[in-house]
Each structure stands twice: as structure tokens, then as C-alpha cells.
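Hello,

Here is the structure I promised to pass on. Please open it and follow along as you read.

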Amino acid sequence: MSASDSDVGGNAAVVAERRWAIVSVTVIVFILAIIAFTSIHWASMPTSGIEPIDPTTLHVSGEFVEQNLGTQIRSDGSVIVRLIAQQYSFNPQCIVVPASTQVTFRGTSADVVHGFLVTGTNANAMLVPGYITTFTTEFSHVGEHLMPCHEFCGTGHATMWAHVRVVTPEQFARTTAAKSGIQCD
């Protein structure tokens with residue numbers, strides 16, 4: 001084997017390594033460009049279905065004033081629950097809902113990100129300041145459920161609990177006849 005043969009083989013290896021290096025760098029740059037684009041896009045335009053709200057005026061006007069919090073029956077007969085999370089409590093502290101009925105939860109945060117979890121159910125969401133979180137669920141059994149905050153929100157996080165009381169539709173109808181913004185007694 002001559003010296004020129006080894007140079008040709010060495011040059012081929014160098015050329016192949018350069019090609020792979022160029023391909024690798026191109027893929028990395030492409031991935032970083034995608035990350036940058038989606039970050040900028042999501043920061044400038046939130047995903048659809050998100051409702052913004054001013055967290056500094058929650059208690060003053062609009063949907064989340066004190067008399068609207070808790071459970072209410074809409075004119076079409078559906079059930080809606082409105083709540084606010086704030087360090088270190090939920091308002092209201094206890095919510096009454098009917099069993100075997102679609103219940104729509106609408107909640108927000110007044111200060112930092114909070115979690116919303118109703119134990120033993122599929123109700124699980126984040127409450128973000130500046131946005132309204134909405135989800136619908138159905139409670140199949142009568143009973144009491146704990147509702148802890150599952151996102152760390154500060155030093156008092158461990159004490160941030162509320163309750164969801166599921167009652168029969170008949171009990172719920174008797175309770176709603178007396179008042180609106182239903183909460184536990």
C-alpha cells in the first residue's frame with residue numbers, strides 16, 4: 001500500500017466526518033429554531049380557549065365577585081361552580097354540587113399559580129393568575145371530597161384545603177330553592 005493510497009483513505013474519512021458534523025449541526029440548529037419559534041409564538045399568543053381576566057379586580061366586578069362564588073344553577077338548568085384561589089385558601093371553602101349531574105367549574109387565581117384537585121375524582125386543573133380555567137365533570141357518588149392545592153404556592157401551601165360536598169339531586173334542589181351562590185352551611 002502506497003502513501004498516496006493511505007492519503008486517499010484518510011481524506012475520505014475526513015470528508016465523511018465533515019459531512020456528519022454538518023448534518024448534526026444542521027439538525028441541532030433546526031431543533032433550536034423550532035424551540036425559539038414556539039416559545040415566542042406561545043408567549044405572544046396564548047392557545048385558544050383561554051379566557052384572560054384581570055386578577056387585581058376579581059373581587060370588585062365581573063363574574064368572580066363574592067355573591068357569584070360557589071354553586072349556581074343557570075337558567076338552562078346546568079350547574080356552574082365559580083371559585084378563586086389565593087394564598088392560602090380557596091373561596092369558597094366548601095362547595096355543594098349535585099351527584100350524577102354535569103358540573104362546570106370556572107376558577108382563577110388572585111396571586112400565584114395554584115392547583116385544583118378534587119380527591120377521588122377526575123377533577124384536576126391549574127389555576128393561573130390572569131386566566132380563567134374551565135372544565136366540566138360529573139360526580140357519581142354522594143359524599144365529601146377534599147380539595148387540596150397541588151401546586152406549591154408558598155410557605156402556607158400545606159394548609160390550603162377546601163371541601164366539595166356531593167349531595168343527591170333532590171337535596172340539591174331543596175338547597176337551591178332557598179338561595180343562590182350555594183356553599184356549605
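First, a definition. A strand here is a DSSP run of E of at least two residues, and strands are numbered from the N terminus. Keep in mind that this model is predicted.

Start with the backbone. Pro92 itself sits in the loop between strand 4 and strand 5 (94-98).

Now look at Tyr88. The peptide bond that leads from Gln87 to Tyr88 is also cis, with omega near -5°. Tyr88 belongs to the loop that joins strand 3 (79-86) and strand 4 (89-91).

Then go to Ser100. This residue is not a glycine, yet its phi is positive, about 55°. You will find Ser100 in the loop between strand 5 and strand 6 (102-109).

Next, the inside. The largest nonpolar core has 29 residues. Those that touch the most other members are Leu83, Phe90, Val97, Phe105, Phe116, Phe139 and Met147. Strand 3, strand 5, strand 6, strand 8 (124-127) and strand 11 (161-167) each give two or more residues to this core. There is also a second, separate core of five residues, with Leu58, Phe64, Leu69 and Ile132 among them.

Finally, pick out Phe105. What does Phe105 touch, leaving aside residues up to four places away in sequence? Its contacts are Val81, Leu83, Ile95, Phe116, Thr133, Thr134, Phe135, Thr137 and Phe139.

Best wishes

Technical notes
Residues are numbered from 1 along each chain as its sequence is written. This is a predicted model: local features need pLDDT of at least 70, side-chain atom pairs count only at pLDDT 80 or more; totals for chains, interfaces and linings use all residues. Side-chain values use heavy atoms; hydrogens and water are left out. Helices (H or I, at least four residues) and strands (E, at least two) are DSSP runs, numbered from the N terminus. A nonpolar core is a set of buried Ala, Val, Leu, Ile, Met, Phe, Trp, Tyr and Cys residues joined through side-chain atoms within 4.5 Å. Buried means under 20% relative accessible area, exposed over 50%, partly exposed in between (1.4 Å probe, protein chains only). Contact means heavy atoms within 4.5 Å.
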